[in-house]
Amino acid sequence: MRAPDAEVELTCGSTPMGPLPAETTTEVGKDGPGAVVGKRYVHPASGMELLCTKAGAGSLRVGDDVLEIKKAKNLPSSD
């Protein structure tokens with residue numbers, strides 16, 4: 001969704017992320033609450049933002065930092 005300004009290493013379950021063939025069934029280790037499909041994750045320090053398209057048991061990280069779920073913006077009231 002939004003690339004960081006500098007190159008970073010994105011991992012899931014301590015496994016580096018990268019393009020995988022469609023038939024890959026490699027499981028990643030569980031190292032936290034996991035990634036939730038349909039949620040946007042952000043890394044404020046690098047400016048990276050991404051959308052999770054497949055749920056998993058591993059946490060998304062940049063280096064040692066766990067990515068946070070992006071909070072929804074409050075919409076103005078329609079009063």
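**Exercise 1. Describe the setting of His43: is His43 buried or exposed, and which residues does it contact?**

Step 1. At a relative accessibility of 6%, His43 counts as buried, where buried means under 20% relative accessible area, exposed means over 50%, and partly exposed lies in between (1.4 Å probe, protein chains only). The model is a predicted one, in which local features need pLDDT of at least 70 and side-chain atom pairs count only at pLDDT 80 or more, while totals for chains, interfaces and linings use all residues. Residues are numbered from 1 along each chain as its sequence is written, and side-chain values use heavy atoms, with hydrogens and water left out.

Step 2. His43 belongs to strand S3; strands (E, at least two residues) and helices (H or I, at least four) are DSSP runs numbered from the N terminus.

Step 3. Apart from neighbours within four places in sequence, His43 is in contact (heavy atoms within 4.5 Å) with Met48, Val62, Asp65 and Leu67. With Asp65, the side chain of His43 makes a polar contact of 3.1 Å; such a contact is a pair of N or O atoms within 3.5 Å, where, within protein, one must be able to donate a hydrogen and the other to accept it, and residues adjacent in sequence count only if both atoms are side-chain atoms.

**Exercise 2. Work out how the strands are arranged: what is the strand order in each open sheet?**

Step 1. Begin with the inventory, which comes to zero helices and seven strands.

Step 2. Two strands pair if DSSP finds at least two bridges between them; four bridges join S3 to S4, and two join S3 (residues 40–43) to S7.

Step 3. Within this sheet, Tyr41 stands opposite Leu50 in S4 and opposite Ile69 in S7. S3 and S4 form a hairpin with four residues between them, and Gly47 in the turn has a positive phi of about 85 degrees.

Step 4. The other open sheet has four strands, also paired antiparallel, in the order S2-S1-S5-S6. S2 (15–16) and S6 (65–66) each have a single partner strand, so one side of each is left without a neighbour in the sheet.

**Exercise 3. Trace the charged network: which residues do the salt bridges join?**

Step 1. A salt bridge is a side-chain nitrogen of Lys or Arg within 4 Å of a carboxyl oxygen of Asp or Glu, and by this rule the count comes to two.

Step 2. Glu49, which is buried with a relative accessible area of 6%, forms a salt bridge with Arg40, their closest N and O atoms being 3.6 Å apart. Arg40 counts as partly exposed, at 37% relative accessibility.

Step 3. Glu49 also forms a salt bridge with Lys70, with the closest N and O atoms 3.2 Å apart. This pair links distant parts of the chain, since Glu49 lies in strand S4 and Lys70 in the segment after S7, 21 residues apart. Lys70, at 35% relative accessibility, counts as partly exposed.

Step 4. Through shared partners, the salt bridges join Arg40, Glu49 and Lys70 into one network.
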